[in-house]
Amino acid sequence: MTRLARRRWATAAELLQLVNAEPGITRREAAERLGLSSGAATELVDRLKRLELLNESRAEHTGPGRPTTILEPHEQGPLVLIIGLRASGWELRLSDLAGRLTALTDAPYEDDRPEAVLTTIAAAVAGAVDDAEPRIRCVVVSAAGPVSGTALGQLSARHWLELLDLQRLTAGIPAERRPPLLVGNDATLAGVAEARTGASKDTSVAVHLMVATGIGGVLLLNGEPALGAHGTGGEFGHLPFADPALECTCGSYGCWDLAVDGRALARHRGEPEPADPEDYARRLLDDLESGRSRSGDNRGAVALAAGAFGRGIAGLVNAHDPDVITLGGLGPQLRRTAPEAFDRAYRSGLMTVHQRQPPPVLDSVHGADGPTRGAAYLGIDHITSPAALDRWAGNEPETDTAAR
């Protein structure tokens with residue numbers, strides 16, 4: 001891409017990213033934010049409308065001066081296809097430039113062989129791209145496991161422990177029409193969503209934690225995830241905060257995962273390890289919250305897990321000095337079900353310097369949708385870049401791959 005073309009698209013990219021970050025923004029507000037005159041804003045918006053990137057609808061007129069319009073994604077504009085590889089099943093969703101999500105399909109894993117599962121998903125992905133051609137300009141995978149580049153290191157909940165190349169998910173699309181593939185860990189993407197539009201927005205340092213089968217997370221610096229040298233940063237669940245005699249599926253011993261999730265709850269109740277630790281934990285917590293269970297043993301098990309959760313968070317605070325910690329997945333419910341055990345462990349684990357003003361621990365805003373929303377933001381960043389907009393204008397495909 002030439003320098004001239006990049007400059008030509010730079011302001012357009014900023015405008016489209018504003019439409020994503022601030023749904024309902026008016027043309028007047030956007031012009032002020034970007035330092036554009038009324039005439040320059042009108043010219044830019046008209047150009048993006050001709051390219052089927054933006055539309056306008058009349059805004060409510062609330063004061064003096066000429067009425068303005070609300071900027072919205074064009075109904076025929078570019079889309080992000082999101083693949084969710086969750087612990088118990090997979091899903092496909094679409095996102096427009098505003099981050100509005102449309103569900104396409106979801107299914108449980110019908111086979112324990114990862115190759116068979118990925119082949120099934122690849123067929124669905126190829127069908128979705130065919131149906132929306134040429135609007136899908138990027139495919140983003142949100143995976144419940146460590147990722148590096150476009151590879152999934154493992155999906156512990158399914159006992160998939162070998163390295164899986166996720167490029168096969170788009171292999172069914174002809175090379176000349178194949179959108180770029182981006183891959184991110186689900187907890188990392190959930191943290192990005194909280195930093196963009198959620199509980200950690202506008203903070204300089206934040207830690208996000210998501211409890212499911214194990215604990216995923218991310219350290220965010222000015223809203224950007226710290227991914228580590230190989231892309232696998234934020235695997236906080238594998239810090240050695242638990243009993244060192246406990247063996248983890250990751251290959252190490254004493255992982256924090258094993259002190260907090262459904263495996264810990266089952267162990268404290270004297271039961272065997274559940275096949276689906278996330279579902280096991282959710283059912284137990286739901287029963288306690290609803291009053292269906294009043295068992296002291298169940299409450300004791302949850303208190304032990306909540307205490308281990310709070311103590312580990314204190315360790316992360318001591319290590320990273322964040323402005324805020326946000327909790328997703330089962331984290332908010334675990335803390336809510338045993339608040340005293342959590343708070344006592346959290347506060348007692350903090351260094352004195354942090355005890356004076358402990359960083360707040362906040363529930364996530366996006367909840368279960370966090371990984372999908374983070375994946376949408378990642379894809380939108382890509383398709384609103386100057387280079388991607390230049391390709392959209394010329395309707396030229398892109399075939400490289402990238403990763404988050």
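Arg282 is partly exposed, with 32% relative accessible area. Arg282 sits in a predicted model, where its side chain forms a salt bridge with that of Glu278.

**Salt bridges**

- The model holds 18 salt bridges.
- In the pair Arg282 and Glu278, nitrogen and oxygen are 3.1 Å apart.
- Both partners belong to helix α8 (residues 277–290), and they are four residues apart, about one turn of the helix.
- Glu278 counts as buried because its relative accessibility is 19%, and the cut-off for buried is under 20%.
- Arg336 and Glu289 also meet through their side chains in a salt bridge, at 2.6 Å from N to O.
- This second pair joins distant parts of the chain, with Arg336 in helix α10 (residues 331–337) and Glu289 in helix α8, 47 residues apart.
- Arg336 is partly exposed at 46% relative accessibility, and Glu289 is partly exposed too, at 38%.
- A further salt bridge brings together the side chains of Glu56 and Arg27, at 2.7 Å from N to O.
- Glu56 lies in strand β1 (residues 54–58) and Arg27 in helix α2 (residues 27–34), so this bridge ties together parts that are 29 residues apart in sequence.
- Arg86, Glu91, Arg93 and Asp369 form a network of salt bridges.

**Helix α4**

- Helix α4 (residues 114–132) has 19 residues, which at 1.5 Å a residue should span 27 Å; the end C-alpha atoms are 27 Å apart, in agreement with that value.
- Its buried residues include Pro114, Val117, Leu118, Ile121 and Val125.
- The cover over the buried residues of α4 includes strands β3 (79–85), β4 (89–95), β5 (101–108), β6 (136–143) and β9 (164–165).

**Nonpolar cores**

- The largest nonpolar core has 38 residues, and those touching the most other members are Leu209, Trp256, Val260, Phe309, Ile313, Ile325 and Tyr346.
- Among the elements that give two or more residues to this core are β11 (205–212), β12 (214–221), α8, β14 (324–329) and α11 (339–348).
- Helix α9 gives the most to this core, with 10 residues.
- Leaving aside residues up to four places away in sequence, Leu209 touches residues including Phe236, Trp256, Phe309, Ile313, Leu316 and Ile325.

Note on methods. Residues are numbered from 1 along each chain as its sequence is written. This is a predicted model: local features need pLDDT of at least 70, side-chain atom pairs count only at pLDDT 80 or more; totals for chains, interfaces and linings use all residues. Side-chain values use heavy atoms; hydrogens and water are left out. A salt bridge is a side-chain nitrogen of Lys or Arg within 4 Å of a carboxyl oxygen of Asp or Glu. Buried means under 20% relative accessible area, exposed over 50%, partly exposed in between (1.4 Å probe, protein chains only). The expected span of a helix is 1.5 Å times one less than its number of residues. Contact means heavy atoms within 4.5 Å. A nonpolar core is a set of buried Ala, Val, Leu, Ile, Met, Phe, Trp, Tyr and Cys residues joined through side-chain atoms within 4.5 Å.
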